[in-house]
Amino acid sequence: MASPCTTYQSSPGSPEDDSMILFSTSTSCSPAKQSTRTHSNSSSFHSSSPPPPPPQSSSNNKTYELRVRNLSYTISPNASLFSSLIKKSTKPKISILNSVSFVAGCSEILAIVGPSGTGKSTLLRVISGRVKNKDFDTKSIFLNDHAITSPVQLRNICGYVAQEDNLLPLLTVKETLMFSAKFRLRGMSSKEREERVESLMQELGLDHVADNFVGDEENRGISGGERKRVSIGVDMIHDPNILLLDEPTSGLDSSSALQVIELLSSMAKTKHRTIILSIHQPSYRILQYISNLLILNHGSVVHYGSLESLEENISRMGYEIPVQLNPLEFAMEIISVLENQDLHSKYQSCSYLRWEEAIIQDGATKEVIHQAKTGAVSNSGCSSLFEIAVLCSRFWKIIYRTKQLFLARTMQALVGGFGLGSVYIKMRNDEGGVTERLGLFAFSLSFLLSSTVEALPIYLQERRVIMKEASRGAYKISSYMIANTIIFLPFLFAVAILFAVPVYWIVGLNPSITAFVFFTFVVWVIVLMASSLVLFLSAVSPDFISGNSLICTVLGAFFLFSGYFIPKECIPKYWLFMYYVSLYRYPLDALLTNEYWSLRSKCFSWNDENHSECLLTGYDVLKNRGLDKDTRWMNVGIMFAFFVFYRVISWIILARKVSKTTI
């Protein structure tokens with residue numbers, strides 16, 4: 001026997017019409033059902049607006065209905081240091097969502113509306129699986145009446161478009177979608193992926209800007225509406241049947257916002273997609289594309305249903321909607337009154353009666369949930385070599401197109417090399433020349449280590465994109481770190497050559513070819529080590545200003561305790577550890593050893609003009625620095641260890657951030 005909720009009948013236009021939407025157990029999207037939800041003879045608001053375009057046929061026969069039942073969500077406030085120490089917080093938990101219930105049907109758009117801070121974005125994050133396992137309610141979210149038991153399943157089933165457009169500005173529209181396809185559609189051939197991207201660009205109306213850069217505030221690119229459509233395309237590349245969007249019209253003008261909503265409406269009808277979005281004060285032209293509204297206030301449902309039922313509810317309460325306002329705008333003005341009225345309570349009291357009897361034995365839905373649970377949808381088992389190859393290709397495009405970085409590094413190396421060469425040109429081979437060589441090496445180290453700061457903006461710009469992509473299973477952080485290293489190795493080697501060649505021969509350092517090759521090699525390792533340090537500091541810095549300040553502070557401390565300004569013996573014991581971790585000490589010792597080891601017996605200072613007594617030999621220079629043994633390769637090994645250490649630490653930090661991200 002059918003439940004009372006599923007057999008209840010009411011006349012058209014009655015307030016109970018919209019409650020049927022909430023507890024209907026049908027998973028089909030028949031035209032009759034759609035017309036019932038959108039038709040209204042009583043609304044003067046819709047009579048003057050053109051109807052949405054009719055649904056088109058689609059080969060996609062799978063339809064999914066997302067049901068949410070009594071969903072609540074609370075967060076714990078930030079505990080104080082004292083409460084953290086005693087592992088007990090006296091502050092009560094903050095309730096964000098309170099028993100939220102609704103049904104999002106296929107071929108429709110459900111809009112979540114409400115004042116700022118009412119829980120719209122939190123609701124989207126929860127139903128898209130962007131929460132921790134311990135915060136996820138396994139009895140509140142259903143796909144075609146099959147319970148979702150973990151947020152991982154939702155992350156693999158749903159497409160989620162965040163409010164911010166986290167895109168790489170120096171990639172074209174087609175490249176952005178193609179890289180997303182390579183990560184998310186690894187089972188397809190290259191031709192199939194390209195066809196999918198071409199089809200998606202046509203569907204999104206982006207084919208005319210396929211070869212334009214995405215751009216940002218600093219780099220001119222496509223328009224804001226087109227950039228939003230690219231963001232939608234990135235999360236639709238794997239063709240999800242459920243698409244969630246957080247404020248897709250935020251920051252857009254009225255025309256661009258309408259185009260985005262029209263696009264979403266067309267996608268919902270032609271592909272039978274279930275679309276849920278949050279929106280802030282939609283215009284009357286946008287409202288005609290929205291099937292149902294979920295109005296929230298203080299985390300609770302104020303209204304769930306069509307715009308017509310909202311208008312009837314307002315009229316039933318004795319209010320008259322002004323001509324210049326649509327029902328939703330007026331509802332926002334009296335939302336406190338709507339929240340206190342109890343008409344919606346009778347909908348919820350019946351909406352989930354005998355829920356268990358309504359479970360549909362849908363084999364296709366079970367299979368999708370099973371694949372999401374086992375991770376088959378996320379392609380996590382694909383080879384890391386493929387990820388590294390794709391990331392190398394993308395990273396090289398970004399480096400090559402970042403003209404400021406490319407030109408800055410090249411010009412710094414050339415100007416630094418020739419500039420230092422012109423200052424220390426043809427250095428003398430006497431006691432004064434020894435002091436000048438030490439100054440040259442110290443300044444070169446400072447110049448090379450500080451010149452890598454230019455990469456900080458690139459790392460910070462990429463970091464949010466990396467957080468988004470890695471958290472969604474596109475690739476592993478380890479693959480990104482390896483690709484980053486592979487691309488920077490030859491690039492920084494070219495920088496090392498451009499600096500080492502002019503400065504070495506113009507100054508007149510050790511004329512041995514072996515010594516020159518080792519000098520160039522040390523310069524390369526120095527810039528590699530510095531690049532790893534910048535990568536590490538960018539991983540822990542919230543923005544460019546703090547990151548730049550942190551880099552300057554760290555490098556200044558390393559230089560101070562390098563042994564150049566203060567001898568090791570004079571460094572206070574509590575600061576002695578800085579001498580051993582200084583990035584200046586080991587390359588400085590390596591350069592000095594390289595310069596004087598083959599000249600240990602050469603005299604640089606005599607007692608008189610007849611050269612009867614040598615006062616300073618190459619060995620004496622090294623011994624004064626505590627370098628009485630050839631430790632060049634040991635120093636190089638320590639420098640490589642620093643290079644690897646900072647990258648490993650960066651990998652650990654980024655991986656930990658990815659595990660906590662909800663983008």
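1. Let me start with Lys174, which is partly exposed at 22% relative accessibility. That value sits just on the partly exposed side, because buried means under 20% relative accessible area. Please keep in mind throughout that this is a predicted model. Lys174 forms a salt bridge with Glu198, and their closest N and O atoms are 2.9 Å apart.

2. A second pair worth a look is Lys476 with Glu387, a salt bridge whose closest N and O atoms are 3.4 Å apart. Here too the pair links distant parts of the chain, 89 residues apart: Lys476 is in the loop between α21 (456–471) and α22, while Glu387 is in helix α18 (residues 384–401). The two ends have their own surroundings. Lys476 is partly exposed, with a relative accessible area of 32%, whereas Glu387 is buried, with a relative accessible area of 2%.

3. Next come two sequence neighbours. Asp135 and Lys134 have side chains that meet in a salt bridge, at 3.5 Å from N to O. Lys134 counts as exposed, with 68% relative accessibility, and Asp135 is partly exposed, with a relative accessible area of 28%.

4. How many salt bridges does the structure hold? The total is 19. Some charged residues are joined into a network of salt bridges, and its members are Glu203, Asp239, Lys271 and Arg273. As background, side chains of opposite charge can pair when their charged atoms come close.

5. Turning from charge to nonpolar surface, I would draw your eye to a patch formed by Phe493, Ile497, Val501, Trp505, Ile513 and Val517, which together have about 520 Å² of accessible area. Two helices, α22 (477–507) and α23 (513–540), are the elements that give two or more residues to this patch. Of these, α22 gives the most, with four residues. Trp505 has its place in helix α22 and counts as partly exposed, at 37% relative accessibility.

6. Four strands form an open, antiparallel sheet in the order β2-β1-β4-β5. Which strands stand at the edges? They are β2 (94–104) and β5 (146–147); each has a single partner strand, so one side of each has no neighbour in the sheet. Strand β4 (residues 141–143) is joined to β5 by two bridges, and these strands run antiparallel. Within this pairing, Leu143 has His146 in β5 as its bridge partner.

7. Leaving aside residues up to four places away in sequence, Ser231 touches Val161, Asp165 and Leu167.

8. On cysteines, a search of the whole structure finds zero disulfides. In general terms, a disulfide is a covalent bond between the sulfur atoms of two cysteines.

9. The protein has 28 helices and 12 strands. Of its 663 residues, 53% count as buried. The protein exposes about 30,000 Å², and carbon and sulfur atoms supply 57% of that area. Among the contacts in the protein with a separation of 6 or more, 76% are between residues 24 or more positions apart.

Technical notes. Residues are numbered from 1 along each chain as its sequence is written. This is a predicted model: local features need pLDDT of at least 70, side-chain atom pairs count only at pLDDT 80 or more; totals for chains, interfaces and linings use all residues. Side-chain values use heavy atoms; hydrogens and water are left out. Patches are made of residues with over 30% relative accessible area and no salt bridge: like charges are joined within 9 Å, nonpolar side chains (Val, Leu, Ile, Met, Phe, Trp, Tyr) within 5 Å. Accessible areas come from the Shrake-Rupley method with a 1.4 Å probe; for residues, only the protein chains shown count as cover. A salt bridge is a side-chain nitrogen of Lys or Arg within 4 Å of a carboxyl oxygen of Asp or Glu. Buried means under 20% relative accessible area, exposed over 50%, partly exposed in between (1.4 Å probe, protein chains only). Contact means heavy atoms within 4.5 Å. A disulfide is a pair of cysteine sulfur atoms within 2.5 Å. Two strands pair if DSSP finds at least two bridges between them.
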